Amino acid sequence: MAHVLVHMAFHDGVATSETIARMLNTNPVVVRRTMAGLRDRGYVASEKGPHGGWRLTRRLEELTLLDVHQALETASVFTIGPSDDHAACPVENLANQAITGALGQASAALEAALGQVRLSDILAEGQALRAAMDHGRPHQCPNAVAAQ
């Protein structure tokens, strides 16, 4: 979704669910459900009507990848986790302690790294890339263009 928010900034901060769905190669219903997490955090707002859609409500300088990650409320980025199949087993308990400790450290490191990247940094790099690749033409996400 960071990709989408940066694209929205490229295009005056507004995009419809249909446009975003084309960018992500998904369904507009999925987009609306996902954008709701960003809306609940105050990062975007939805507007109805012929010129409606999703609108950025925060400047990209104020948003980090960590903000986006937390707004999407993913359960875990890790596929491993403690188990409770055999709660009386001392080996399972030791494994759970080791896993929980390692995941806590990894999660803290991930959040620290995500917190260092502002969406405005991605926009600045994207603008430089766009200037080099698009030769001054307006940039369009390839998926959004292919579906039009």
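Here is a short tour, from the whole chain down to the strands.

Before clicking, note that this is a predicted model, in which local features need pLDDT of at least 70, side-chain atom pairs count only at pLDDT 80 or more, and totals for chains, interfaces and linings use all residues. Residues are numbered from 1 along each chain as its sequence is written, and side-chain values use heavy atoms, leaving out hydrogens and water.

Start with everything selected. You'll find seven helices and three strands, where helices (H or I, at least four residues) and strands (E, at least two) are DSSP runs numbered from the N terminus. Along the sequence they read α-β-α-α-β-β-α-α-α-α.

Now select the strands. They make an open, antiparallel sheet in the order β1-β3-β2, and strands count as paired if DSSP finds at least two bridges between them. At the edges sit β1 (14-15) and β2, each pairing on one side only.

Zoom to residues 44-47 and 53-56: these are β2 and β3, antiparallel and joined by four bridges. Show Val 44 and you'll see Leu 56 of β3 opposite. Five residues separate the two strands of this hairpin, and Gly 49 in the turn has a positive phi of about 110°.

Last stop: β1, which runs antiparallel to β3 and is joined to β3 by two bridges. Pick Val 14; which residue in β3 is its bridge partner? Select Arg 55 to see that partner.
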